[in-house]
Number of protein chains: 2
Amino acid sequence: MSATSANVSERRVQPPSLAISTVIFALRPSESSGRPTLWLPLVRRIRQPYLGQWALPGGPLAHSESLQDAASRNLLETTGLAPRYLEQLYAFGGLDRSAGQRLVSIVYWALVQPDEAALTRESENVRWFRADRLESLAFDHNEIVKYALWRLRNKMEYGSIAYHLLGERFTLAQVREVYEAVLDKELDPANFRRQLRSTPHIEPTDEHLTGTRHRPPRLYRYAGPVPDGSVRQPLPASP
Amino acid sequence: MSATSANVSERRVQPPSLAISTVIFALRPSESSGRPTLWLPLVRRIRQPYLGQWALPGGPLAHSESLQDAASRNLLETTGLAPRYLEQLYAFGGLDRSAGQRLVSIVYWALVQPDEAALTRESENVRWFRADRLESLAFDHNEIVKYALWRLRNKMEYGSIAYHLLGERFTLAQVREVYEAVLDKELDPANFRRQLRSTPHIEPTDEHLTGTRHRPPRLYRYAGPVPDGSVRQPLPASP
């Protein structure tokens, strides 16, 4: 048997590789309008395949860690982020995702608040990008981001997800800006305010936004249940 | 280096194994009351680990097939089932799921209609079990079934999922029986009927249930959107 045929048959029996990737969304001001928009951190590939292209933070699964622990560790190592909200998004395992090699990626996603996002170590190889203006990413990562955005928009209907993108206290206008950023459309302020006031779990506090304005707006807080993936979901203890 | 230490280090660098499993729910009559209840097919393990114990249908991922194709193929090979509705449930990757070996299972789930369920090849090693009365299964499969049931109950709130457990035409009483089976509680027939009639997408047909009854009940059909996982979900084409 020649070396070449041995390599071919070895590749055939090798199990598919397994990677953990993360999609992290945070609100940051638009460069042009200054309005909050959705951004995500990407990491530049420093090896083949896709050398030099931007990719979702991630890496291989170590033997001694759960999927979620691997996602957290990869994220911390590459971006410095340790999000409070991290949830499994989907397992991607198409045939030609990785330049001929069979690679299955289990993708986690996170929503981070502005204070968390500010802690990211940006560098030549780690940068935040606007979610709606991505260049061509490594692997099928454009498709994965598109899918994560779709899931995020769907989840907005259930309410509580929006507050993971805000701090503990927020104005009603800030909540509207989250919806506008995620849904990518303008909403009528008066209508939105009325709807939001009749939403359960949004409680006014005694505090107001500090600043120079004549009538500083009141701060609210979210006091409802947390969404899937954090507490309500009775995930088995072991996985 | 001795043979033993070579084996140990080999095991350490080996990537985690990857398996695809499926949870399939169908309605079948209860053995005692005859009322529809949730059942699922299980397969008896014919090798270690967990030799002889019942497990979810599944197997390894072949190199030339997508995750969903692997789920369909495993299901067909083990049970003869080819469900119309098959969706990714979750990836389970805890540390001690598989008797010391690191195993990640990507789990798909399906709802099958009674006519599909009737096509299952039952045998000494393939049998249907009541979902709420499972013995101790192989691996963490009891936990996976528990999680799938939780997801199914959550999805019932959005309506259309129930119709995957029924045929094309159904009576309003049959819909109530699905809800009763999944939620595991009795519902008031008159209230349920009233609620269901005001639900969009449930359309009366001109047909009635055939049988010997004096006033055969009218048959309805579901004419709304299909839920996540089939059409609405803009999953990337490649994975």
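Okay, one definition before we start: a residue is called buried when its relative accessible area is under 20%, exposed when that is over 50%, and partly exposed in between. Keep that in your head, and keep in mind too that we're looking at a predicted model.

Is B:Glu207 buried, exposed or partly exposed? Its relative accessible area is 38%, so B:Glu207 is partly exposed. And B:Glu207 has a partner: its side chain meets the one of B:Arg169 in a salt bridge, 3.2 Å from N to O. Where do the two sit? B:Glu207 belongs to strand E8 of chain B, residues 202–208, while B:Arg169 is in the loop between helix H4 (141–156) and helix H5 (172–183). That's 38 residues apart, so the pair links distant parts of the chain. B:Arg169 is partly exposed as well, at 34%.

One more bridge in chain B. B:Asp132 and B:Arg130 meet at 3.0 Å, N to O. Here the two ends fall into separate classes: B:Arg130 is buried at 9%, whereas B:Asp132 is partly exposed at 46%. Over in chain A, A:Arg130 and A:Asp132 are linked with A:Glu31 in a network of salt bridges. Over all chains, the structure holds 22 salt bridges.

Go to B:Arg102, in the loop between strand E5 (85–92) and strand E6 (103–111) of chain B. B:Arg102 is buried, and it makes no salt bridge. How far away is the nearest side chain of opposite charge? That one is A:Glu65, at 6.8 Å.

What does the side chain of B:Arg102 reach instead? The backbone oxygen of A:Glu65, at 2.7 Å. A polar atom of the B:Arg102 side chain also lies 3.1 Å from the backbone oxygen of A:Ala62. So notice with A:Glu65 that the backbone oxygen is what gets reached, while its side chain is the one sitting 6.8 Å off. B:Arg102 touches residues in both chains, including A:Leu61, A:His63 and A:Leu67 from chain A, and B:Pro16 and B:Gly93 from chain B.

Which residues of H2(A) are buried? They are A:Leu67, A:Ala70, A:Ala71, A:Asn74, A:Leu75 and A:Thr79. Just after H2(A) comes A:Gly80, with a positive phi of about 85 degrees.

Helix H2 of chain B, also residues 67–79, reaches 18 Å with its 13 residues. Buried residues there include B:Leu67, B:Ala71 and B:Leu75. The buried residues of H2(B) fall within an arc of 130 degrees, so they line one face of the helix. B:Gly80 follows, and its phi is positive, near 85 degrees.

Zooming out on chain A: six helices and nine strands, with 47% of its 239 residues counted as buried.

In chain A the peptide bond from A:Gln48 to A:Pro49 is cis, omega near -10 degrees. In chain B a cis bond joins B:Gln48 and B:Pro49, with omega about -10 degrees. B:Pro49 lies in the loop between strand E2 (36–44) and strand E3 (54–55), and B:Tyr50 is found in the loop between E2 and E3 of chain B too. B:Tyr50 has a positive phi of about 65 degrees, although it isn't a glycine. B:Asp184 is another non-glycine with a positive phi, near 60 degrees. You'll find B:Asp184 in the loop between H5 and helix H6 (189–197) of chain B, and at 55% relative accessibility it counts as exposed.

Definitions and conventions: Residues numbered from 1 in each chain as written. Chains lettered and ligands numbered in written order. Predicted model: local features only at pLDDT ≥ 70, side-chain atom pairs only at ≥ 80, totals over all residues. Heavy atoms only, no water. Helix = DSSP H or I, 4+ residues; strand = E, 2+ residues; numbered from the N terminus. Buried < 20%, exposed > 50% of the residue type's maximum accessible area, 1.4 Å probe, protein only. Lys, Arg positive; Asp, Glu negative; His and termini not counted. Salt bridge = Lys/Arg side-chain N within 4 Å of Asp/Glu carboxyl O. Polar contact = N/O pair within 3.5 Å; in protein donor to acceptor, adjacent residues only side chain to side chain. Contact = heavy atoms within 4.5 Å. Expected span 1.5 Å × (residues − 1). Arc of directions from axis to C-beta. Lists of a residue's contacts leave out its neighbours within four places in sequence.
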